[in-house]
Amino acid sequence: HMGYQAATVGNHEFDWGQTILGDRTTQATYPYVTANIVVNDTGNCTTAGWTVPAFASAPYEILEIGTAPDNVKVGFIGVTTAETPTITIASATAGLCFKDPAESIIHYYDEMKAAGADVIVVLSHLGYTDGGYGYGIPVYGDQTLATRLNTAGKPANLIIGGHSHTNLATATTVGTTKVVQAYYNGRRVG
């Protein structure tokens, strides 16, 4: 009923394991995108490739929004906090690697643009600020993600965030990127 056209996964999507997660994403009528969660195909997350896990559709999707002649091709790309394996049951993320979010977006950025994306929208489950859940894992939030992408010359137009359940009344602007988050569990509509 809310009209989702794309989604990414958060840490709680792993609560029942990858098989159940795959069942749920298969039932969705929209794609689940994840650029920084990859299959641990080398046994070492430092050298892991870019194979998308079975529960995801792709690292990104390009969707046409609107109608001609005012339609826009939007590249939706997803990232999830690297602290997920620590804050969930270990077996739920077995065989997966959580790569650096900014590096993952940069990896696909030119490919999305070449595929016709007029704008880039990041679906993020990093949290609004740095620090995550406070387990001492060096994770960063959406504002730092925006800074890193802008500094790399690969800015996102919009970052739609989650994880920290931040109730932002207005968008935050970081460089050329708007960062938004609409509380949690549908309590607000952004």
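Visitor: What counts as a salt bridge here, and how many are there by this rule?
Guide: A salt bridge is a side-chain nitrogen of Lys or Arg within 4 Å of a carboxyl oxygen of Asp or Glu. Keep in mind that this is a predicted model. By this rule, the salt bridges come to two.

Visitor: Happy to hear it! Which residue meets Arg148 in a salt bridge?
Guide: Arg148 sits in helix 4 (residues 142-151). Its partner is 48 residues apart from it, in the loop between strand 4 (96-98) and helix 3 (101-114). The two side chains meet at 3.6 Å, N to O, and the partner is Asp100.

Visitor: Is Asp100 buried, partly exposed or exposed?
Guide: Buried means under 20% relative accessible area and exposed means over 50%. Asp100 has 23% relative accessibility, so the label is partly exposed.

Visitor: Which residue forms a salt bridge with Asp110?
Guide: Asp110 lies in helix 3, and its partner in the loop between helix 4 and strand 6 (158-161), so the pair ties together parts 44 residues apart in sequence. The closest N and O atoms are 2.7 Å apart, and the partner is Lys154.

Visitor: Of Asp110 and Lys154, which one counts as buried?
Guide: Asp110, at 48% relative accessibility, is partly exposed. Buried requires a value under 20%. At 18%, the buried residue is Lys154.

Key:
Residues numbered from 1 in each chain as written. Predicted model: local features only at pLDDT ≥ 70, side-chain atom pairs only at ≥ 80, totals over all residues. Heavy atoms only, no water. Helix = DSSP H or I, 4+ residues; strand = E, 2+ residues; numbered from the N terminus. Buried < 20%, exposed > 50% of the residue type's maximum accessible area, 1.4 Å probe, protein only.
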